[in-house]
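Trainee: I have a new model open and would like to go through it step by step. Can we start with how its parts pack?

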Amino acid sequence: MKNLSYEFVLRRTATILSVALLTLCAIAAVTGILLSFYYEPVAGGANQALQWIDTEIPNGQIIHGLHDYAGTLLIGVALIQMVVMFLGRQFRRSWLTGWISNILLILNAIALAWTAMILDWSQVGYWRFRIELSTIEAIPLIGSTLRDVITGGGAVNTTTVEHLYTIHSYIISGSAVLLAIVHLLGVLWQEKQQTPAASVTSAESKTDAPRELIKNP
């Protein structure tokens, strides 16, 4: 019974966290769409647009804050989920589906944070992005090509902001929502597979109890 209760807690925790992951993805997606109505992916103008959203648009600062916090919490909750799923590993198809989709979701969440680094066109984001571009360029064989794809070739300018905004808003965000759905379905599938086994174990323990009492009066 102790093992059953331990597995039940892990299984139920994984289900709750998977729902939280999908909720955070939905919040980030909805708030991102709302921000896109006023955001301008232009070097120099991006920071002014975000300041205008925070100060002039009704509830703009709340929406902007929700978008940022949802992205940050997505990474943290996904990491916690990885630990929970590791502790309750079953090595079934359902568990592997949830496990792999969660790892890919973590990578997507990190990529979302990375591509958003320069979208506010702040001094901190700009110089941090320049430093990380140098690291990317140092990758053998493909480093310079990756740098050109990210920046649009040449210096960090409006084209760079547009490229990262497109990657952030359409490609990575869409894949994050899709992975969150797949992860939730995988966890629910795992719970559905384990529930009958738990019921059988519980029923067997109840039927065995009177037999033990008969043998040992």
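Trainee: At what angle do helix α5 and helix α6 pack?

Mentor: First, the sources: this is a predicted model, where local features need pLDDT of at least 70, side-chain atom pairs count only at pLDDT 80 or more, and totals for chains, interfaces and linings use all residues. Residues are numbered from 1 along each chain as its sequence is written, and side-chain values use heavy atoms, with hydrogens and water left out. Helices (H or I, at least four residues) and strands (E, at least two) are DSSP runs, numbered from the N terminus; axes are lines fitted to C-alpha atoms, for helices over the stretch in contact, and angles run from 0 to 180 degrees between N-to-C directions. Helix α5 covers residues 123–137 and helix α6 residues 143–151; their axes lie 7 Å apart, at an angle of about 145°.

Trainee: Which residues of α6 meet α5?

Mentor: Contact means heavy atoms within 4.5 Å. From α5 come F129, L133, I136 and E137. Their partners in α6 are G143, S144, L146, R147, I150 and T151.

Trainee: How many helices and how many strands does the protein have?

Mentor: Read the elements from the N terminus on: α-α-α-α-α-α-α. The count is seven helices and zero strands.

Trainee: What share of the residues counts as buried?

Mentor: Buried means under 20% relative accessible area, exposed over 50%, and partly exposed in between (1.4 Å probe, protein chains only). The protein has 217 residues. Of these, the buried share is 34%.

Trainee: Is N102 buried or exposed?

Mentor: N102 is found in helix α4. Leaving aside neighbours within four places in sequence, N102 is in contact with L21, A78, Q81, M82 and H183. Its relative accessible area is 0%, so N102 is buried.

Trainee: How far apart in space are V187 and I16?

Mentor: V187 has its place in helix α7. It is buried, with a relative accessible area of 2%. In sequence, V187 and I16 are 171 residues apart. In space, C-alpha to C-alpha, they are 9.6 Å apart.

Trainee: How far apart are the end C-alpha atoms of α3?

Mentor: The expected span of a helix is 1.5 Å times one less than its number of residues. α3 has 28 residues, so it should span 40 Å. The distance between its end C-alpha atoms agrees: 41 Å.

Trainee: Is N59 buried or exposed?

Mentor: N59 is found in the loop between α2 (45–55) and α3. Its phi is near 60°, a positive value in a residue other than glycine. Its relative accessibility is 54%, so N59 counts as exposed.

Trainee: What is the phi of W121 near?

Mentor: W121 has its place in the loop between α4 and α5. At 21% relative accessibility, it counts as partly exposed. Its phi is positive, in a residue other than glycine, and near 50°.
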